Amino acid sequence: MEDLYKCLDELLSLQSTQQALSHHQPEKWVDELLDGSVSLLDICGNTRDVISQFKENVEDLQSALRRRKGDVCIESSINNYICLRKKMNNDAKKLLAAMKKMDNKAGASPLLDQDHQLSTVVRVLRYVNAISISIFQSLLLFFSSPVLKSKPSRWSLVSKFMQKGTVSCQEKQENMEELETIDFALSAISSEREDLEKMQIAYKGLGALEVSIEGLDDGLECIFRNFIKTRASLLNIFSH
């Protein structure tokens, strides 16, 4: 995605692009592009907030499992984790709904001008926005996965964890399965008191999840900067 926005930045830096865009300010697609740039910034910022809160909560739960300072401390940390997972689920669904509206509005403003240079640039901008929306939809689908309350048997739990391996940023389905595995393990700990085997399963899963979250956080910071740069370029072009 960074390469995509690097190419877009180069396109917007061309004098021919700037001239084509700046000569058509009154048209509706101008507002569409500017509104879209703001919406992407909002979506990215809100997603970063969700991930930041989740990362902090995962770290707190890891710390509690590592210290093993009694059932009450662990139980409280697990409850906090489950509550945040539910909140994260709701927040992600709201963001997904907002992006669906963005997706429906994309390209709604017709290009009345038949200038080839202009129509090409606008199509590219719309295409980049569509890709950005798609990427965030995939990410938020992961965070909107439901919190599981049921618990498997001891051996099915261990087998499930060992078969799925570590969390992968690239595989959305595996990510969801890892969240499920952690939910199962935490549910077992919560209901059956202190169990070292289940604690180790949960702790290992949380550690892998934390690595993935850190990667996502770094990636979103870079994307956020690209969004700001693109919006600044558009505002600069349309202000002349």
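1. Arginine 85 sits in helix α4, which spans residues 70-105, and in this predicted model the residue is buried, its relative accessible area being 0%. Once neighbours within four places in sequence are set aside, the contacts of arginine 85 are Phe54, Ser145, Pro146, Val147, Leu179 and Asp183. Because buried is taken to mean under 20% relative accessible area, the value of 0% places arginine 85 in that class.

2. Asparagine 57 belongs to helix α3, and with a relative accessible area of 12% this residue also falls in the buried class. Leaving out residues up to four places away in sequence, asparagine 57 touches Asn80, Tyr81 and Leu84.

3. On the surface, a patch of negative charge is formed by Glu56, Glu59, Asp60, Glu214 and Asp218. Two elements, α3 (28-67) and α8 (196-238), each supply two or more residues to this negative patch, and α3 is the element that gives the most, with 3 residues.

4. Aspartate 218, one of the residues in the negative patch, has its place in helix α8. Its relative accessibility is 52%, and aspartate 218 is therefore counted as exposed, since the cut-off for that class is over 50%. Asparagine 57, by contrast, is buried at 12%.

5. Aspartate 217 likewise lies in helix α8. How far apart are aspartate 217 and lysine 55 in sequence and in space? The two residues are separated by 162 residues along the sequence, while their C-alpha atoms are 9.1 Å apart. When residues up to four places away in sequence are not counted, aspartate 217 touches Ile51 and Lys55, so the pair is in contact in the sense of heavy atoms within 4.5 Å.

6. Helix α2, which covers residues 15-22, has as its buried residues Thr17, Ala20, Leu21 and Ser22. Against which elements do the buried residues of α2 pack? They pack against α1 (2-13), α3, α5 (116-143) and α8.

Methods:
Residues numbered from 1 in each chain as written. Predicted model: local features only at pLDDT ≥ 70, side-chain atom pairs only at ≥ 80, totals over all residues. Heavy atoms only, no water. Patch = residues over 30% accessible without salt bridge, like charges linked within 9 Å, V, L, I, M, F, W, Y side chains within 5 Å. Areas by Shrake-Rupley, 256 points an atom, 1.4 Å probe, with all protein chains shown as cover. Salt bridge = Lys/Arg side-chain N within 4 Å of Asp/Glu carboxyl O. Lys, Arg positive; Asp, Glu negative; His and termini not counted. Charge placed at Lys NZ, Arg CZ, Asp CG, Glu CD. Helix = DSSP H or I, 4+ residues; strand = E, 2+ residues; numbered from the N terminus. Buried < 20%, exposed > 50% of the residue type's maximum accessible area, 1.4 Å probe, protein only.
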